[in-house]
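Here's a quick briefing to read with the model open beside you.

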Amino acid sequence: MANKSVLFKIKRQASPTSEAYWEEFELAWRPGLNVISLFMEIAVNPVTRDGKPTVPINYDSNCLEEVCGSCAMLINGKARMACSALIDNLEQPITLEPFSKFPVIRDLVVDRSVLFENLKAVKAWVPIDGTYALGDGPRIAPVVQEQAYQLSQCMSCCCCMEACPQFNESTGFVGAATIAQVRLFNMHPTGKVLKDERLQALMGMAESRSAAMRRTASRSAPRTFRSPSPSAAWAAT
């Protein structure tokens, strides 16, 4: 195993307006390597497979335990977390690319702010700013708690949006992540989804947000989304 190596290719882009290009790397294998480990080793010695000096890879990461969602990217063509992608479980050569449906900032870093603008548009949070008394919450059945817990595990990684064929520049679909949070914050204690004016208003916000996305996407480069400003998002609500 001493001579075993890891071969991988990374799609790179110096800036949002630069042309994308590929670089190949080959590093010595060791037990327990994941994709983030490869980036760290390149940062120590940024040299390509053919011996050409380069610069460290730009990528997002934080928790390194599949909780924060920041290191999401395309690994061998599939949207997943780089921190939990173990090298021994991946087919080589390993290809690493940024998400294709979001604007590239640099290398593997993309602008996923469209999701957060969507969440703001539907007000996907519990208001606890202290400006008024909320009182005791309703009793929630265990089965409903289990349903809500699954929805609450969303870590805003955008993998569902990248993989969804309906999330593209032509449809303006807000994506599963936003819809799931609308359901989470509007679940009845008995498990029924509320069908009152508030829920209808929230879904109307999501539809308005979709329309704004379509208008913005029509002016963007192919296969990307450009997020409207926060003021535009709120105007749609």
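**Salt bridges**

R49 and E26 pair up through their side chains in a salt bridge, with N and O 3.2 Å apart. Since R49 sits in the loop between α1 and β3 while E26 belongs to strand β2, the pair ties together parts that are 23 residues apart in sequence. Keep in mind that this is a predicted model.

*More on R49 and its partners*

- R49 also forms a salt bridge with E24, where the closest N and O atoms are again 3.2 Å apart.

*Other charged pairs*

- A search of the whole structure turns up six salt bridges.
- E117 forms one of them with K120, and their closest N and O atoms are 3.2 Å apart.
- E117 and K120 are three residues apart in helix α2, so about one helical turn separates them.
- Is E117 buried or exposed? E117 is buried, with a relative accessible area of 8%, whereas K120 is partly exposed at 27%.

- The largest nonpolar core has 44 residues, and F8, I10, V35, F39 and I75 are the ones that touch the most other members.
- Several elements each supply at least two residues of this core: strands β1 (5–12), β2 (21–28), β3 (72–75) and β5 (94–97), plus helices α1 (35–44), α2, α4 (159–163) and α5 (176–184).
- Which element gives the most to this core? That's α1, with five residues.
- To see the packing around F39, look for its contacts with I10, I57, Y59, M73, L96 and L108, which leave aside neighbours within four places in sequence.
- Another core lies apart from this one and has six residues, among them V144, A148, L151 and L184.

- Which residues make the nonpolar surface patch of about 310 Å²? They are V126, I128 and L134.
- To find L134, go to the loop between α2 (113–121) and α3 (142–152).

Definitions and conventions:
Residues numbered from 1 in each chain as written. Predicted model: local features only at pLDDT ≥ 70, side-chain atom pairs only at ≥ 80, totals over all residues. Heavy atoms only, no water. Patch = residues over 30% accessible without salt bridge, like charges linked within 9 Å, V, L, I, M, F, W, Y side chains within 5 Å. Areas by Shrake-Rupley, 256 points an atom, 1.4 Å probe, with all protein chains shown as cover. Salt bridge = Lys/Arg side-chain N within 4 Å of Asp/Glu carboxyl O. Helix = DSSP H or I, 4+ residues; strand = E, 2+ residues; numbered from the N terminus. Core = buried A, V, L, I, M, F, W, Y, C linked by side-chain atoms within 4.5 Å. Buried < 20%, exposed > 50% of the residue type's maximum accessible area, 1.4 Å probe, protein only. Contact = heavy atoms within 4.5 Å.
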